Amino acid sequence: MKAILFSAYVDDGERVIATAQPEFLQPALAELESLCSALTVEEELGPGIALCAVPETRRLLRQAMEHPPVFVRHLAPAQAVVELRGAIEDDCARLALALAALPEFAWLGPGQYFAVQARLLPPAKQSPVRPFAYTSGQLNQKLASVISEETRAIESIRKPRIVLSIALTAERGFVGISLAEENLSSWPGGERHFARLPEQISRAELKLLEALEVFNLTLPTEGEALDLGAAPGGWTRLLLQAGLHVVAVDPAMLAPALREEARSRLEHKRCSAEVYLAEALHRSQRFAVITNDMRMDARDAARLLVRAAELLRGDGFVLSVLKLPHATKRIQPLPVLREALGILQETYAIVKARQLFHNRQEVTVVAASPRQSRLFAGRRLSRAESRTRNVVFRS
């Protein structure tokens, strides 16, 4: 068997495959280089997908877990390279042998939950396109069946503990084994897909669903929520679904079905966010959740959220999208983002940012624990407001 094994794959160093939105691949790689100065980019396997050489793969994965990058969506170890022949039976056998030869394969055993995550990578611009004779789903199914039978581990697509990553180009397969948490996302390439439901109002709902998952947040089931830039009402619908009373602020109309369905728990304020915030601050309103998906400069959005901090309950959180400009000779998106995050960090003790799969030219940020010495000077705090606020986050 060893003769077949060594002819099937080559193991010549430690590598990791990093995935990001194509336009933000370079900032993503810079983030990884800040965690590992010895990291080098070997090649771009496809748009937004880079093969990187590192001294210690597992150390980099752990550092990325401890210091989550903004632009890197997914990391996967590439511990061996397999030559592909194009037929599923042959390729499956070669990939299985390569995986079995990795030291981490010993993690698999009776009762362990695992998933095979194969990706057929889109070709880089300079590479010719050769169609695959099989799908990633077919490959996943075949390999998972073989591995489960051999190790008695249990396939768990949605909540695996161990991930067997396979990235396929036209001629090569890169394989690696890691814990699901080490990949930054439990979904192949960080591509979190949701089923489209009949009641879905807009694509924006997917951004909120993914953000709640990535940041380990749970919407409260009672209290009030403030949704800035609400129209047509996708985020409002999800807030209502959780059980919250929602104040939706937007000069534009909300979806008719939404207005009829939740009239008793929905207030639509047809004005600008700035006008509403001035009124709400005067009334000393308090919200459990504040969301924002308005189309505005990231720095202006940050300043708006600073104003909204006084409306946030002590145990509440803010979830907002920050829109970034496209890179030009005069304007660069990264300084804009850094400035916006700096504005938020002056007011909020907890600020986390990630570019999600459903984000476009934007990142999603969560903020919590307003710095009370600045916001509530001269006002006696309630018991709820005076506690340290990490309740909504699960590390």
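User: Which residues lie nearest the centre of the second largest pocket?
Analyst: First, a heads-up: this is a predicted model, where local features need pLDDT of at least 70, side-chain atom pairs count only at pLDDT 80 or more, and totals for chains, interfaces and linings use all residues. Residues are numbered from 1 along each chain as its sequence is written, and side-chain values use heavy atoms, with hydrogens and water left out. On a 1 Å grid over the protein atoms alone, a pocket is an open set of points with protein on both sides within 12 Å along at least five of seven lines, a cavity is a set where a 1.4 Å probe fits but cannot get out, and lining residues have an atom within 4 Å of a point. The second largest pocket has 25 lining residues, and those nearest its centre are A118, R119, S136, N140 and P188.

User: Which element gives the largest share of that second pocket's lining?
Analyst: Strands are DSSP runs of E with at least two residues, helices are runs of H or I with at least four, and both are numbered from the N terminus. Two elements, β7 (113-120) and α5 (136-151), each supply at least two lining residues here. The largest share, 6 residues, comes from β7.

User: And what is the volume of the largest pocket?
Analyst: Grid points are joined across faces, edges and corners, and a volume is the space filled by probe spheres set on the points. For the largest pocket, that comes to about 1,400 Å³.

User: Which element gives the most to the lining of the largest pocket?
Analyst: The elements giving two or more residues are α3 (57-66), α6 (204-214), α11 (333-345) and β16 (348-354). With 4 residues, the top giver is β16.

User: How many cavities of 30 Å³ or more turn up, and what is the volume of the largest?
Analyst: Searching the whole structure gives 2 cavities of 30 Å³ or more. The lining of the largest cavity includes H74, Q117 and S165, and β5 (74-77), β7 and β9 each supply at least two of its residues. Its volume is about 70 Å³.

User: Is V163 buried or exposed?
Analyst: V163 sits in strand β9 (residues 162-168). Leaving out residues up to four places away in sequence, V163 touches A115, Q117, G176, I177, S178, A180 and N183, where contact means heavy atoms within 4.5 Å. Buried means under 20% relative accessible area, exposed over 50%, and partly exposed in between (1.4 Å probe, protein chains only). V163 has 0% relative accessibility, so V163 counts as buried.
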